[in-house]
Amino acid sequence: MSELTLTVMRLGFLAVLWLFVIVAVQVIRSDLFGTRVTQRGSRREAGRQQQAAAARQAPPQQRQQPAGGRRGRNAPTKLVVTEGTLTGTTVALQGQTITLGRAHDSTIVLDDDYASSRHARIYPDRDGQWIVEDLGSTNGTYLDRSRLTTPTPIALGAPIRIGKTVIELRK
Amino acid sequence: MSGTNTSHSPTNHTSTIGAIGAPSRRNTELALLVFAVVIPVFAYANVGLALHDSVPPGLLSYGLGLGLLAGVGHLVVRKFAPYADPLMLPLATLLNGLGLVAIWRLDQSELLQSIQQAGTAAPRQLLYTALGMALFVAVMIFLKDHRTLQRYTYISMAGALFLLLLPLVPGLGKNIYGAKIWIQVGSFSIQPGEFAKIVLAIFFAGYLMVKRDALALASRRFMGLYLPRGRDLGPILVVWMVSILILVFETDLGTSLLFFGMFVIMLYVATERTSWIVFGLMMSAVGAVGVASFEPHIQQRVDAWLDPMREFTLSRANQPGHSEQAMQALWSFGSGGTLGTGWGQGHSELIRFAANSDFILATFGEELGLAGLMALLMLYALIVERGVRTALAARDPFGKLLAIGLSGAFALQVFVVAGGVMGLIPLTGMTMPFLAYGGSSVIANWALIGILLRISDTARRPAPAAPANPDAEMTQVVRP
């Protein structure tokens, strides 16, 4: 065997060996950083839900309105977190129920010692009015300053306090 | 739908981040396995071309043999552990294949053929690999759930002690060059310590799972360390005594270090108390120094470690009880340099005895150089990383502890052997997992990989689908 061939093979082998290591690390990479991101209420699904909801729930005169989802003149379109670790997070209100709590399948996952795992939920009633309901939490849910005991309609801009987190509905 | 466009983008903030679960990644494993078989075949051809100027005649059968074993392993994993880690099997296969090539390459050396039964080591190693793969398959098939091992906690302890003490039984134990860690059964010599490693990990995991709260919580804080209560020191003292006894009677530093180290690692993981590490290091230092001061075999190993050149000259002067291996190994690393001499073109056979077992790393160091050796150590590190990752992902404490114990033992063994050959710590009689010639080691380590894969299958298996959000779904249906 010529010297050149052996040198090429020698370096080639090292390259292949390292290539294997690199490929293996690439496979690991997906495990280290590869968390699966599932989007809540992706556009198509939300749209479908909404149309169904509109067809089912909306009174006839509201059905003529654009499917964009404004049920009334003062209907809120988004939920904004104004205090707490998630400050700045917004969730579009598209007729879906929003759950809040420490449970990792909640819509808004609260990292808060004062929150229960399934703390509260916010949902539209049949008139499109958004309602907040406490789900038997330990420390309670406050709307304005009063602790909730029954499902209560939410006024625009009224602060809902859960532990250290404050959220409100906005247009 | 145009109205939703503006309000849609903020939705991204509320996406759920979940652990990766669903993909089983068996195809990734298959691709990597093919790669892992091709690399040793390449190396095999390279050795033949370098030594005999021709592609070795056994290339096809060797490649097919390794490929067949890997294929069987893959199919069994696909059938019985579909969510297992995709990397461990290819990594172990690659290391095993490279070990076979290096053993075959040393078989070709006339020097080695003249001093021992070499020349036939590679086919036998392939047979041991097949046995190891058979045990791997058996573990995969019969161990449906690693938690069943928990039932055998105290039986494992008895079994491990039995295996550890076996080499001391007169007539059965065999003293090979000073270390009594082998037993002779028929024409086979077996190293029971390799198997004891796994059994002991099962015992430690089962024991610590029950006792960890007592060990972790009942402690006083002193100088930033949590000092355990006196009576909680019992277990660590017992394990320490046993490992000292191994050191004294079997005169093997590696086995002793492996068991004690494994216990300290598992104790640390179970209790999260740094003080155990401090205690462990102090106790092993005291034990090693104490024993080395009166046990001549250990003493000689330490001397050879402190001054390998003196050891070499003494051995050349035909002084009995000295060995030139340690220095030879260092020279072979040195002559390998950064990129190595290339397969088959080094002279690591000059190490003579144990060139293909304890000192096989020197062959890699010489022929593949620093670059190749680092790649090998990366492969070991990746196996250990996957083991630790499995421990992190495991949902039950027993599985967590067992995975960390097994991968910790694996890592310690690599450290003890590589450190010994490279002159970082005194030499011991352990073998490099998968690379070195030796049936017990290959078989036991395949079983170890099998158990780790079983735990990782349980850990990565997606949880049975719970109703995603009962409130949201149910109430909407109920509403009129």
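In chain A of this predicted model, strands β5, β4, β6, β7 and β10 form, in that order, an open sheet of five strands with mixed pairing. At its edges stand β5 (108–109) and β10 (152–153) of chain A, each of which pairs on one side only. Strand β7 (residues 130–134) of chain A runs antiparallel to β10(A), and two bridges join them. One bridge pairing sets A:I131 with A:P153, the latter in β10(A).

Chain A also holds an open sheet of six strands, ordered β3-β2-β12-β11-β8-β9, in which the pairing is antiparallel. Here β3 (90–92) and β9 (146–147) of chain A are the edge strands; each has a single partner strand, so one side of each is left without a neighbour in the sheet. Within the order given, β12 and β11 are adjacent. Strand β11 (residues 160–162) of chain A and strand β12 (residues 165–170) of chain A run antiparallel and are joined by three bridges. A:R161 stands opposite A:V166, which belongs to β12(A).

| Helix pair | Angle | Distance between axes |
|---|---|---|
| α3(B) (residues 59–80) and α6(B) (residues 121–142) | about 5 degrees | 10 Å |
| α8(B) (residues 192–217) and α17(B) (residues 439–460) | about 15 degrees | 8 Å |

For the pair of α3(B) and α6(B), packed at about 5 degrees, the angle makes the two helices roughly parallel, because angles under 35 degrees count as such. On the α3(B) side the contact is made by B:G65, B:L69, B:V72, B:G73, B:V76, B:V77 and B:F80, and on the α6(B) side by B:L126, B:T129, B:A130, B:M133, B:F136, B:V137, B:M140 and B:I141. By class, the residues of this contact comprise 12 nonpolar, three polar and no charged.

For the pair of α8(B) and α17(B), packed at about 15 degrees with axes 8 Å apart, the angle likewise makes α8(B) roughly parallel to α17(B). The crossing of α8(B) past α17(B) is right-handed. From α8(B), residues B:E194, B:F195, B:K197 and B:I198 meet B:S440, B:S441, B:A444, B:A447, B:L448 and B:I451 of α17(B). The contact of α8(B) with α17(B) divides into six nonpolar, two polar and two charged residues.

Terms used. Residues numbered from 1 in each chain as written. Chains lettered and ligands numbered in written order. Predicted model: local features only at pLDDT ≥ 70, side-chain atom pairs only at ≥ 80, totals over all residues. Axes fitted to C-alpha atoms, helices over the stretch in contact; angles between N-to-C directions. Helix = DSSP H or I, 4+ residues; strand = E, 2+ residues; numbered from the N terminus. Parallel < 35°, antiparallel > 145°, perpendicular 65-115°, else oblique. Left-handed = near helix turned anticlockwise from the far one by under 90°. Contact = placed C-beta atoms within 7 Å. Nonpolar A, V, L, I, M, F, W, Y, C, P; charged D, E, K, R; others polar. Pairing = 2+ DSSP bridges.
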